[in-house]
Amino acid sequence: MAAAGDRGGHDSYRSPLASRYASPEMCFLFSDKYKFRTWRQLWLWLAEAEQTLGLPITDEQIQEMKSNLDNIDFRMAAEEEMQLRHDVMAHVHTFAHCCPKAASIIHLGATSCYVGDNTDLIILRNAFDLLLPKLARVISRLADFAKEQADLPTLGFTHFQPAQLTTVGKRCCLWIQDLCMDLQNLKRVRDELRFRGVKGTTGTQASFLQLFEGDDQKVEQLDKMVTEKAGFKRAFIITGQTYTRKVDIEVLSVLASLGASVHKICTDIRLLANLKEMEEPFEKQQIGSSAMPYKRNPMRSERCCSLARHLMALVMDPLQTASVQWFERTLDDSANRRICLAEAFLTADTVLNTLQNISEGLVVYPKVIERRVQQELPFMATENIIMAMVKAGGNRQDCHEKIRVLSQQAAAVVKQEGGDNDLIERIQADAYFSPIHSQLDHLLDPSSFTGRASQQVQRFLEEEVCPLLKPYESVMKSPL
């Protein structure tokens with residue numbers, strides 16, 4: 001009920017998304033003030049269009065509605081809803097109370113979903129408009145990081161086991177590529193949003209056809225005029241009482257996909273923090289643990305993972321809602337949508353704000369990375385060593401057996417004694433390998449094991465990322 005909106009302070013539950021995490025601008029979009037002000041704006045647009053098309057609505061009535069768009073008596077609306085058990089009619093009465101001259105033409109020909117659904121679509125579009133530049137900024141910050149670290153060799157991991165080398169910048173590009181897909185998907189869904197428009201109780205426009213005495217063309221014009229006033233290029237031709245709830249599935253699906261990307265990125269950062277190769281920002285006065293003062297927990301990345309899980313789970317709500325909408329509509333969508341649509345955007349907003357903060361302050365520890373590379377590189381270099389020996393006149397099978405024996409001895413030192421990998425020292429001490437002793441430094445250069453990683457980073461950033469970010473250049477330098 002509307003009266004619940006009056007509860008606040010420290011003696012009542014408030015969603016942490018609004019009170020702790022999401023930005024003020026995203027919270028405002030899903031506020032009662034924005035919602036009900038948009039209802040009034042929709043009633044005004046409808047009246048203006050109806051007047052233009054010939055209905056007996058006066059300029060004085062239009063002006064009265066314009067003058068009271070922000071004059072919302074929320075207490076009166078709550079009291080009306082308590083009596084009427086109908087939120088839209090409560091606000092029709094509240095608007096009419098401050099617009100006595102226009103009272104008779106407010107909501108003329110419309111159904112509740114005219115204001116409810118159309119407002120939701122306006123909010124969804126505007127919420128995407130808040131998210132898109134934030135996501136673009138995150139991609140831009142990570143692109144800067146990838147460019148800086150394009151050439152730094154690091155140990156790759158498959159199955160979280162040591163694999164071939166890559167570079168820190170190339171790994172970052174894996175993150176960026178996923179986010180670029182999210183940016184494209186969010187933009188696509190935003191641009192494909194259509195207005196519900198002026199459709200009446202079951203989508204047939206019967207009430208408006210009656211108002212205009214059977215004039216099909218005027219009903220079409222009315223729908224088009226209100227759609228354009230709301231800033232949409234297209235409206236649905238076919239609706240029931242509501243716009244199809246498949247739209248909500250599309251919206252929350254791309255947000256859930258963004259959540260998956262963020263979770264993967266921040267999980268990688270958490271694992272790298274454990275390896276001491278990379279850390280998120282850690283402030284001078286920040287406390288990692290109340291019991292262990294040495295701790296440097298990756299709490300921002302953990303927060304992103306926590307909220308991303310919630311974001312991914314929310315898509316189940318519109319999936320189930322759409323599947324149980326009987327015929328032209330059932331009202332069991334309403335309460336669920338009030339929660340899941342707002343929470344999805346507030347959650348996405350939070351994870352992007354937090355990820356921008358992370359991406360702007362990532363710290364890399366090259367010496368730790370180099371040490372781990374050196375621990376694994378001797379094993380990776382064995383094939384190159386065999387090839388060099390064959391070129392120097394050796395027998396491939398004899399060399400392979402020598403390397404196999406020495407590798408197992410070195411592995412035993414690492415695993416059983418906790419020592420460093422001493423395979424190279426063993427090769428240097430073995431006269432069999434004397435023909436290539438002078439080549440070992442070159443054969444063990446980490447940069448020779450990263451393939452085309454550096455070139456891939458450069459090409460990816462230039463050919464794919466930069467063009468994608470171009471429309472957002474004006475917000476690239478915006479602070480968090």
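**Loop residues, domains and side-chain pairs**

Phenylalanine 327 lies in the loop between helix H13 (316-323) and helix H14 (334-359). Helices here are DSSP runs of H or I with at least four residues, strands are runs of E with at least two, and both are numbered from the N terminus. The model is predicted: local features need pLDDT of at least 70, side-chain atom pairs count only at pLDDT 80 or more, and totals for chains, interfaces and linings use all residues. Residues are numbered from 1 along each chain as its sequence is written, and side-chain values use heavy atoms, with hydrogens and water left out.

The backbone at phenylalanine 327 has a positive phi, near 50°, in a residue other than glycine. Most residues other than glycine have a negative phi. Phenylalanine 327 is exposed, at 80% relative accessible area. The classes are buried (under 20% relative accessible area), exposed (over 50%) and partly exposed (in between), with a 1.4 Å probe and protein chains only. Tryptophan 326 sits in the loop between H13 and H14. Tryptophan 326 is exposed, with a relative accessible area of 59%.

Val324, Trp326 and Phe327 make up a nonpolar surface patch with about 420 Å² of accessible area together. Patch residues have over 30% relative accessible area and no salt bridge; like charges are joined within 9 Å, and nonpolar side chains (Val, Leu, Ile, Met, Phe, Trp, Tyr) within 5 Å. Areas come from the Shrake-Rupley method with a 1.4 Å probe; for residues, only the protein chains shown count as cover.

A positive phi, about 55°, is also found at phenylalanine 160, which is not a glycine. Phenylalanine 160 belongs to the loop between strand E1 (153-158) and strand E2 (161-167). Phenylalanine 160 is partly exposed, at 42% relative accessibility.

An automatic or database domain assignment sets the domain bounds. The chain divides into domain 1 (18-98), domain 2 (113-281 + 297-364) and domain 3 (368-449). The C-alpha centres of domain 1 and domain 2 are 27 Å apart. Their contact (heavy atoms within 4.5 Å) takes 25 residues from domain 1 and 34 residues from domain 2.

The whole structure holds 28 salt bridges, each a side-chain nitrogen of Lys or Arg within 4 Å of a carboxyl oxygen of Asp or Glu. Glutamate 48 pairs with lysine 66 at 3.8 Å, N to O. This pair links distant parts of the chain: glutamate 48 in helix H3 (residues 32-52) and lysine 66 in helix H4 (residues 59-67), 18 residues apart. Glutamate 48 also forms a salt bridge with lysine 229, with the closest N and O atoms 3.1 Å apart. Here helix H3 is linked to helix H10 (residues 216-229), and the partners are 181 residues apart. Glutamate 48 is buried, at 14%. Lysine 66 is partly exposed, at 41%, and lysine 229 is partly exposed, at 33%.

Lysine 187 and aspartate 191 meet in a salt bridge of 2.5 Å, N to O. They are four residues apart in helix H8 (residues 168-192), so about one helical turn separates them. Lysine 187 is partly exposed, at 34%. Aspartate 191 is partly exposed, at 41%. Elsewhere, salt bridges with shared partners join Asp117, Arg245, Arg329 and Asp333 into one network.

A disulfide is a pair of cysteine sulfur atoms within 2.5 Å. By this rule there are zero disulfides. For cysteine 304, the nearest cysteine sulfur is that of cysteine 266, 3.9 Å away. For cysteine 305, the nearest is also that of cysteine 266, at 5.2 Å. Cysteine 304 is buried, at 1% relative accessibility. Cysteine 305 is buried, at 0%.
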